[in-house]
Amino acid sequence: MQPVIDYYDQLASEYDRDRFANSYGRYIDAQERAILRHWLNGADKTRTVDFGCGTGRLLEFATTGVDGSSEMLHIATQKYPNHTLIHAELTDIPLANASAAQAYCFHVLMHLDAATLTGFFKEAARILPSHARLIIDIPSAPRRALSKRPPSGWHGDTAARIDEIATWTQDDWTIHRWRGIVFFPIHRMPSRIRPLFQTLDSWLGRTWLARYSSYYVIELERRG
């Protein structure tokens, strides 16, 4: 994971502005927040963990965040000085067994190789008890096949089909529900019209066409 950590250490001071202050970033952010609000409705924030919290973009849904980048956590600490923020890699997290009730992980797994993904899901299973929920996102492999995106070496290279998630989660997790986001090629549309597609995009992400969305958001349930 060191190349990932080094990259985000260098990007930390510009991350929020570079990734989410533009219309494309706001488009993705709105869809992710809508799902978290719905799927985490009623959840106890004091027992919720944000795995790969970065600068704290989504830390309003949790009180504990974990990230491997010390520079990203420095930004998060300024935003959320009363949160518990832990500097650790996602395969070795200093949290007690079954100490959290639910967790989520966004914009992280797409950077990890298969061995690291397997390690993360094992570590999350240790921290979360039976029947707890873990919400993740991953780029859609069917969409990638259509776009013929060239590999970068590691950055965002990992994508999957829904059925492939089982190969990473092994015996610890089962898929409870999932949906797609960013169905339209928003980055190719004029910024002024992008918000007009939000409602239709959200609807398509719940239909059979969801498999061709840019990203999947998946809620896993810890096996008993």
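How many residues apart are Glu123 and Arg126 in helix H4? I looked this up in what is a predicted model, and I found that the two are three residues apart in helix H4 (residues 114-127), which means that about one helical turn separates them.

I then turned to their side chains, and I noted that Glu123 and Arg126 meet in a salt bridge, with 2.9 Å from N to O.

My next entry concerns a pair in helix H2 (residues 23-39), where Arg33 and Asp29 lie four residues apart, about one turn of the helix. I recorded a salt bridge between their side chains at 2.7 Å, N to O, and I noted that Arg33 and Asp29 are both buried. I also followed these two residues into a network of salt bridges, in which they are linked with Glu32, Arg57 and Glu60.

I also looked up Asp16, which forms a salt bridge with Lys79, the closest N and O atoms being 2.6 Å apart. This pair links distant parts of the chain, since Asp16 sits in helix H1 (residues 2-20) and Lys79 in helix H3 (residues 70-79), 63 residues apart. I noted that Asp16 is partly exposed at 26% relative accessibility, and that Lys79 is partly exposed as well, with a relative accessible area of 37%.

Last, I searched the whole structure for such contacts, and the search gave 16 salt bridges.

Technical notes. Residues are numbered from 1 along each chain as its sequence is written. This is a predicted model: local features need pLDDT of at least 70, side-chain atom pairs count only at pLDDT 80 or more; totals for chains, interfaces and linings use all residues. Side-chain values use heavy atoms; hydrogens and water are left out. A salt bridge is a side-chain nitrogen of Lys or Arg within 4 Å of a carboxyl oxygen of Asp or Glu. Buried means under 20% relative accessible area, exposed over 50%, partly exposed in between (1.4 Å probe, protein chains only).
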